[in-house]
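The model itself is shown first.

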Amino acid sequence: MSTTVTPTPRPAPTPTPTPRRSDARDVVASLAAGVAAAAGLTLVVLPGATEGVTTGAALLGFGLGWWTMLVLSSRTARPHRWAAVPAVAMTSTGVALVASAPSDHTLGVLTWIWPPLALALAGWTYARMRRDLIGVGRWLVTATLLVLAAAAVGAAGRQITTEPFAEAHPAPGTTVEVHGHALHLDCRGEGSPTVVLVSGLGEFSASWARVVDGTTATTRVCAYDRPGQGWSDDLSEPQDGAAAADDLHALLAAAGESAPYLLVGHSIGGPYAMTFAHRYPHEVAGMVLLDSTSPQQFTAIPSYPRDYEVLRRTYGVLPTLARLGLGSMLAGSHLPADQAGPVDDMNTSPRAGRNGRDELSVLPEVFEEARRLTTLGDRPLVVVTSTETARDTAGWAAAQDRLAGLSSDVVHRDVHASHQGLVDDDAGSAASVAAITAVVRAVRSDTRLATP
């Protein structure tokens, strides 16, 4: 009798799982492409654009990086299809922002909405990414998503904790309706001539606190805010020097301040003051220029054309960085604690970034208008030059000498202080006050200047 033996079936072999890939090279290339595209679009293609357009351009660049990651991974056995989600989210949002160029008010409303969506996007992308990536690739994408999450948290925190500037800091002095918009003016002290302080880039009326405190014992002194600064209204378009001079003239008249005026201009405030003196010569008794920018800046300072292009591109991204809560990296003050609050709050806001960007955009026109002032005659002029600026900037000392040539009654003084220190450091502001006081005394006594 035969016996049939049924063979025992062998168990099917367990399939070997496809190993996850590090993809470090593709990840590095994708992230580098995104950063390069964002930088190129914001700093080269659309330099100095409005905040919404700049933010949209950056998102388009970052979106390109995620698309690059998706495309590069499609050549492998495990394509990163999850990268399509941040790619679509960022590019579609970027296109919408560039196309619509939203106003500041609209951007403020959107900042209540987009941070939680960005956090959700970062969390979802991280969860999906962990299934595909290991090693360096995973760490690089994780770091990128942490930056996105930090930006969302920073924007939300700033939106929640920051009061509107005018509500947080009631305006000193008064606001007056001029040419259809409100301008802020803060005048203190008594006497003639009335000192009018003209701010430089990134400054406003409160920036002059030390100079105001040192001058009020001698005469009346007025600090004011150009449109977009401090407590003054915003304008839809930046002003040139002539419009700013006409605004200031109307503001002083409407507020009941009377000529003669002693104009004090710091940095780019100098060319603004020169344009005022050209347009209203019979109301200007004298001038003080505190390390003033030259109306011939583009030709007198060899490095300035290049520096201007860098500044124009850099200032274009400041409003976006400020909205993400990074304003503290952009500006600061050295004023006493009771005066620094308004300056710090103003200088670290998206509005301050916009004002700086807008004023930079019209500087060529401001300089051209200031060049129309060819002489102050024998009206007293003190030119104060920062030794630090003169040392570090080729052509600055010669340009300051040329400014001193505007008057036959002039004192040119070099001061050991920084450019900004002439306004907000103790020693520098004291030198500025001394220069102002010297001109006040010369005007009152109708005598030539004594060395301040």
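Entry 1, cavities. A cavity here is a set of points, on a 1 Å grid over the protein atoms alone, where a 1.4 Å probe fits but cannot get out, and lining residues have an atom within 4 Å of a point. Grid points are joined across faces, edges and corners, and a volume is the space filled by probe spheres set on the points.

I note that this is a predicted model, in which local features need pLDDT of at least 70, side-chain atom pairs count only at pLDDT 80 or more, and totals for chains, interfaces and linings use all residues. Residues are numbered from 1 along each chain as its sequence is written, and side-chain values use heavy atoms, with hydrogens and water left out.

I recorded a volume of about 40 Å³ for the second largest cavity. Its lining includes V198, Y224, L248 and F276. Helix α9 (241-254) contributes the most, four residues.

I took helices (H or I, at least four residues) and strands (E, at least two) as DSSP runs, numbered from the N terminus.

I counted strands as paired if DSSP finds at least two bridges between them. Strand β5 (residues 261-266) runs parallel to β6 over six bridges, with V264 partnered by V288. Strand β7 (residues 381-386) is also parallel to β6, through four bridges, and L290 is partnered by V384.

Key: On a 1 Å grid over the protein atoms alone, a cavity is a set of points where a 1.4 Å probe fits but cannot get out, and a pocket is an open set with protein on both sides within 12 Å along at least five of seven lines; lining residues have an atom within 4 Å of a point.
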